[in-house]
Amino acid sequence: AAAWTRTADALATVGFSGDEKAEIAQALAAVLQLTQLRFDGADSADGVRASAPRDATALENAATALRVDGALLTTALCSRRTVLPSGEIFVKALDETMAQDAAHALAKALYGRMFDAVVSRINALLDLSQEVRDRTARTARPLRSPSPCPDPSLVTPDGAHAAPPAAHARPPSRHLPCSPPRARPRRRGRR
């Protein structure tokens, strides 16, 4: 419980809503319930090995967590449907080992999709946060000069550069007063 509380707090910190945290908890519950399923096998009169969930309560818990009907979940986990190009459908019963593998594969796929969705959502929230920081940085005026000014008398109280007096006039330059010259890009190739 303490681990989930820390996780939920971390999700809230990065911007997940209460509904999103509830959906994540629901998906995790479904994964855990699927891993708790066990299957028993029996041979039918035709000699085909078929499986069925060992515990009806565990199956109903998994079905409830997945928000599906228990009978549909049993069919999905205990049989395999094959559709031929001609449109014919074959249904093959799975033995207990294959049904267990199907339940674990579903749990793994569900967890993987949930994990990818959480990572995508966090990345989107972080990208949005970065955009806000970038926009704020572009519009905010610096309080101090970004580089040391060789003549402190040219810096006004709000950090802007004042025009140099005529006695300090310099020849025209591509650079603003008191800003460092830009590094020139290196040319590639032969000189």
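Me: What share of the 191 residues in the chain is buried?

Reply: Buried residues make up 18% of the chain. Buried means under 20% relative accessible area, exposed means over 50%, and partly exposed lies in between (1.4 Å probe, protein chains only). This is a predicted model: local features need pLDDT of at least 70, side-chain atom pairs count only at pLDDT 80 or more, and totals for chains, interfaces and linings use all residues. Residues are numbered from 1 along each chain as its sequence is written, and side-chain values use heavy atoms, with hydrogens and water left out.

Me: What makes up the chain, in helices and strands?

Reply: There are 5 helices and 4 strands. Helices (H or I, at least four residues) and strands (E, at least two) are DSSP runs, numbered from the N terminus. In sequence order the pattern is α-α-β-β-α-α-β-β-α.

Me: Why is Ser 51 called buried?

Reply: Its relative accessibility is 12%. The cut-off for buried is under 20%. So Ser 51 counts as buried. Ser 51 sits in strand E2 (residues 49–53).

Me: Which residues does Ser 51 touch beyond four places away in sequence?

Reply: Among them are Phe 39, Cys 78, Leu 94 and Ala 99. Contact means heavy atoms within 4.5 Å.

Me: How do you know that Ser 51 reaches the backbone oxygen of Leu 94?

Reply: The side chain of Ser 51 comes to 2.9 Å from that oxygen. A polar contact is a pair of N or O atoms within 3.5 Å; within protein, one must be able to donate a hydrogen and the other to accept it, and residues adjacent in sequence count only if both atoms are side-chain atoms.

Me: What makes the buried residues of H3 line one face?

Reply: They are Ala 58, Leu 59, Ala 62, Ala 63 and Ala 65. Down the axis of H3 they fall within an arc of 165°, so they line one face of the helix. The arc is that of the directions from the helix axis to the C-beta atoms. Their cover includes helix H2 (18–36), E2 and H4. The face turned away carries the exposed residues Ala 56, Thr 57 and Thr 64.

Me: Where does a side-chain oxygen of Asp 55 reach at the start of H3?

Reply: That oxygen reaches to within 3.1 Å of the backbone nitrogen of Thr 57.

Me: Why is Arg 67 called exposed?

Reply: Its relative accessible area is 55%. Exposed requires over 50%. Therefore Arg 67 is exposed. Arg 67 lies in the loop between helix H3 (56–66) and helix H4 (70–78). Its phi is positive, near 60°, in a residue other than glycine.
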